[in-house]
Amino acid sequence: MDLNVLTAPLTAQEIEWRVQSQTKDGQKIIVVPYITNRCVMQRFDDQFGWAGWQNEIKEIEGGFLCTITAVLPGGEIVRKTDGASRTGIEPVKGGISDAMKRAAVQFGLGRALYDFPKVFIETTDKYIPGWATPLLDKMVDKINSGGTVRDVVVLKPEHAKPAVKAV
């Protein structure tokens, strides 16, 4: 079975980044890529058709299990299950979304994100600065085109192109 839609590289538009932690000296943040649940749904719709797959959520102690069931072109039914804890923000919605994304990884969707480099952003802020977003997108594009990227990437303000002033 060719799951080319599910396993195709994620585009910069399909990837979102979140702050994982801040360095002890407070001079950098570490960010990690993730896919949204909307991306999961769209990719499954594109691969199997909107009626060719479904998900089932089961609440367990401390979190949720999600089983994604897909009907392959030959009629074979495949199920993959994974779970996630409740999240700190929107515990139910976040936990359900995380469980579904983890189940989608079982099908190959987003699995390559685990191979992305460790990304530091030079900032004292606790959030991803606006100047860093285009650099993260460029890195994703480079990875998708087969370009070489270091195991550890440090993004600095001077790496961003200066804004062009209007005249």
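Predicted model: local features only at pLDDT ≥ 70, side-chain atom pairs only at ≥ 80, totals over all residues.
I started with the largest pocket: 33 residues line it, and Arg18, Tyr34, Ile35, Asp98 and Lys101 are the ones nearest its centre. I looked up the volume of the largest pocket next and got about 1,100 Å³.

Then I asked which elements build that lining. Strand 1 (15–22), strand 2 (28–35), helix 2 (37–48), helix 3 (91–106) and strand 6 (118–122) each put in at least two residues. Helix 3 gives the largest share, with seven residues. Sorted by class, I have 16 nonpolar, eight polar and nine charged residues in the lining of the largest pocket.

The crossing of helix 2 past helix 3 is left-handed. On the helix 2 side I listed Asn37, Val40, Met41 and Phe44, which meet Ser97, Met100, Lys101 and Ala104 of helix 3. That contact splits into five nonpolar, two polar and one charged residue. Lys101 is also on my list of residues nearest the centre of the largest pocket.

Last entry, the second largest pocket: I have about 300 Å³ for its volume. Helix 4 (132–144) and strand 7 (152–155) each supply at least two lining residues. Among the residues lining this pocket I noted Leu135, Met139, Lys142, Arg150, Val153 and His159. Its classes come out as seven nonpolar, two polar and three charged.

Note on methods: Residues numbered from 1 in each chain as written. Heavy atoms only, no water. 1 Å grid on protein atoms, 1.4 Å probe; cavity = no way out; pocket = protein on both sides within 12 Å on 5 of 7 lines; lining within 4 Å. Points joined across faces, edges and corners; volume = space filled by probe spheres on them. Helix = DSSP H or I, 4+ residues; strand = E, 2+ residues; numbered from the N terminus. Nonpolar A, V, L, I, M, F, W, Y, C, P; charged D, E, K, R; others polar. Left-handed = near helix turned anticlockwise from the far one by under 90°. Contact = heavy atoms within 4.5 Å.
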